[in-house]
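Subject: Structure for you to look at

Hello,

Please find the structure below, followed by notes on what turned up in it. Keep the model open while you read.

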Amino acid sequence: MNRLGISGIAAALLALSAPAFAGEEPAAPMIINIADRASVSLDGEWSTLVDQYGIGYYDYRKEPVPDRKSFFADMSYDDNPAKLIEYSFDRAPKLRVPGDWNTQKEKLYLYEGMMWYRTKFDAAPQPGKRYFLYFGAVANTAVVAVNGKRLARHEGGFTPFNIEVTGMLKEKDNSLVMLVDNTRRKDGVPTDNSDWWNYGGITRSVRLVEMPETFIRDYSLKLDSEIVGKVRRNRPEKHRIYGHVQLDGPAAAGKTVKISIPELKIQLNAETNASGRATFIFTAAPSLWSPENPKLYDITISVDTDETRDRIGFRYVSTSGRQILLNGKPVFLRGISIHEENIGSSSRVTKAEECRQLLSLAKELNCNFVRLAHYPHNEEMVRMAEEMGLLIWSEIPVYWTISWTNPDTYANAQQQLEEMITRDINRAAIIIWSIANETPISPERTAFLAKLIARAREMDGTRLVSAAMEKVKVKKGLFTVDDPLLEYTDLISFNQYTGWYGKDLAEIDNTSWTFAREMPVFISEFGAGALYGFHGDVNVRFTEEYMEECYRRNIRMMSERMPGFSGCSPWILKDFRSPRRALVGIQDDFNRKGVVSDKGERKKAFYVLQDWYGKLAGK
Ligand code: GCB
């Protein structure tokens with residue numbers, strides 16, 4: 001039965017975008033720092049069934065069926081051949097979890113739709129413990145059932161969620177069935193049109209997490225930008241560090257929480273209020289995190305029933321006039337944009353080693369900054385960038401033509417924003433939350449985005465908030481950004497493809513910029529496409545020479561004729577898959593704007609960028 005009482009027909013038309021059916025509750029509040037928690041991995045080979053028509057979910061009238069008649073029941077023809085059971089996960093082919101399905105089997109390369117996943121696992125549930133299933137990311141919608149009972153639904157393909165399964169586990173042979181749907185939807189976030197591959201699947205790890213009854217769910221430690229007291233020569237500045245600890249469980253209220261940072265000789269207690277939340281503030285003089293000094297401190301947070309350890313850096317970021325300041329000093333962001341695709345097979349990144357390959361290339365380019373586009377990347381990527389001394393721009397997939405007036409679309413965008421901020425609130429490397437990319441200006445869009453920015457600032461007042469905007473022409477050869485969103489952002493950040501999505505390379509030399517606002521200017525994208533190894537005249541599109549020259553001239557133009565130019569993240573590190581790229585023999589389903597090819601071969605433009613960044617870095 002449909003819990004919200006919409007008719008079966010309406011539900012069918014909406015497919016999985018429909019409001020939750022019975023048992024399809026929102027996920028539980030997110031548990032952070034999951035790598036530190038007692039857990040077992042459920043990764044591996046899962047049984048899978050492609051379900052183009054939703055036969056495991058609907059009956060032949062396209063009415064949703066109850067758990068026992070759906071594939072969530074995990075029945076098998078072989079268990080009772082006298083009964084009509086038209087499926088069996090035991091007979092089904094396997095797919096690797098984590099992983100996108102598109103690059104695992106040729107016949108799934110273009111598949112968009114529903115897919116069933118099933119795994120079985122043993123557990124040893126202990127009395128007095130709580131159990132959660134944690135999913136790093138499932139693209140894009142997931143409905144989860146355990147032992148035949150539907151428990152939760154999550155929408156948003158790039159952020160984690162967890163659901164509680166306390167009291168539902170057996171010692172042997174638990175069945176975990178998931179319906180995963182990557183159908184593109186106009187009202188989705190992202191919408192049905194983009195410039196990247198719509199990978200489907202359980203794309204990040206799945207874990208069974210064991211928690212005490214009352215546990216530490218999330219926490220933050222934030223450095224305030226104000227310097228407290230006098231600055232003494234050769235001594236680190238003193239700052240306030242403030243934050244919160246949120247407990248979860250029956251005994252969450254009135255608890256003493258301990259926060260300790262041994263290296264800073266910090267040891268303090270805070271009391272939780274009636275909702276299990278403790279806030280604290282103290283002063284300390286940490287060695288500040290920066291690309292040159294990616295210093296992290298071991299911290300421990302504990303209550304009588306639980307303890308978690310993390311490594312946290314402290315820094316502050318702000319703007320002053322046309323400059324971005326990191327720890328009070330001007331910083332030029334030598335960035336590169338990155339999609340979450342590995343080098344080699346161009347599959348969704350699933351291993352630490354793949355993160356390292358991408359980030360090492362950024363280091364080789366002399367970057368101090370990465371734009372993790374166009375959605376939150378996996379947590380490992382963020383933590384590794386932080387350890388390697390790379391600043392981060394992190395964004396949600398509010399991209400191009402979102403349904404600005406649909407309240408469900410807004411709710412989902414905000415949910416994804418909250419999930420991104422909650423997971424990564426303690427990552428010093430992240431200095432910019434970005435809430436949108438190249439969205440067409442209208443009053444509805446600006447209201448939607450302004451609300452997201454307000455929410456981001458409410459959750460986190462310690463970072464810059466921005467969006468990738470677009471340029472407009474003032475007159476021949478003169479451009480600006482004239483977007484009402486600038487009222488709300490900290491940066492004039494925008495994508496500009498002068499010399500590529502225009503007439504020719506010469507237009508770059510005839511382009512200048514003017515900005516009415518005294519704000520830092522950040523070029524979130526520029527670039528050109530080239531097929532690695534394709535050489536020719538500088539004016540021939542897709543040659544390495546064209547791309548190289550496009551980089552040279554853009555760098556000159558931005559450096560010389562762009563007031564407030566404070567950094568850039570050229571598009572993009574690696575060639576990536578996109579259904580918009582149809583030129584056979586050159587594109588072959590790849591956006592070729594990578595400074596390295598899909599196999600990691602460095603194009604000529606790579607060296608132009610490396611050389612420029614090297615000089616800026618004083619190398
Ligand atoms: C853009 C988009 C990016 C595209 C890129 C391109 O402005 O933000 O997602 O892939 O242009 O290559 O056209």
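Asp74 sits in the loop between strand E2 (44-51) and E3; helices (H or I, at least four residues) and strands (E, at least two) are DSSP runs, numbered from the N terminus. The model is a predicted one, in which local features need pLDDT of at least 70 and side-chain atom pairs count only at pLDDT 80 or more, while totals for chains, interfaces and linings use all residues. Residues are numbered from 1 along each chain as its sequence is written, and side-chain values use heavy atoms, with hydrogens and water left out.

Backbone

Asp74 is not a glycine, yet it has a positive phi of about 55°. With 13% relative accessibility, Asp74 counts as buried (buried means under 20% relative accessible area, exposed over 50%, partly exposed in between, with a 1.4 Å probe and protein chains only). Asp173, in the loop between strand E8 (161-164) and E9, also has a positive phi, near 60°. Its relative accessible area is 44%, so Asp173 is partly exposed.

There are cis peptide bonds to look at as well. One runs from Val189 to Pro190, with omega near 5°, and Pro190 lies in the loop between E9 and E10. Another joins Trp571 and Ile572, with omega about 15°; Ile572 is in the loop between strand E31 (565-568) and strand E32 (576-577). Why list these at all? Most residues other than glycine have a negative phi, and most peptide bonds are trans.

Aromatic rings

The whole structure holds 36 aromatic pairs. Rings of Phe, Tyr and Trp (its six-membered ring) pair if their centres lie within 6.5 Å; planes under 30 degrees apart count as stacked, over 60 as edge-to-face and the rest as tilted. Tyr109 and Trp197 are stacked, because their ring centres are 4.8 Å apart and their planes are at 25°. Tyr109 is in the loop between strand E3 (94-97) and strand E4 (114-121), and Trp197 in the loop between strand E9 (174-181) and strand E10 (206-212), so this pair ties together parts that are 88 residues apart in sequence. Trp197 is buried, at 5% relative accessibility.

Trp404 and Phe448 form an edge-to-face pair, because their ring centres are 4.9 Å apart and their planes are at 85°. Both are buried: Trp404 has a relative accessible area of 14% and Phe448 one of 4%. Ring pairs also join Tyr57, Tyr58, Phe71, Phe72, Tyr87, Phe89 and Trp116 into a cluster.

H4 (residues 407-424) and H5 (residues 443-459) pack at about 25°, with axes 10 Å apart. Axes are lines fitted to C-alpha atoms, for helices over the stretch in contact, and angles run from 0 to 180 degrees between N-to-C directions. H4 and H5 are therefore roughly parallel (angles under 35 degrees count as roughly parallel, over 145 as roughly antiparallel, 65 to 115 as roughly perpendicular and the rest as oblique).

Helix H2 (residues 352-364) and helix H3 (residues 379-388) have axes that come within 10 Å and cross at roughly 40°. That makes H2 oblique to H3.

Regards
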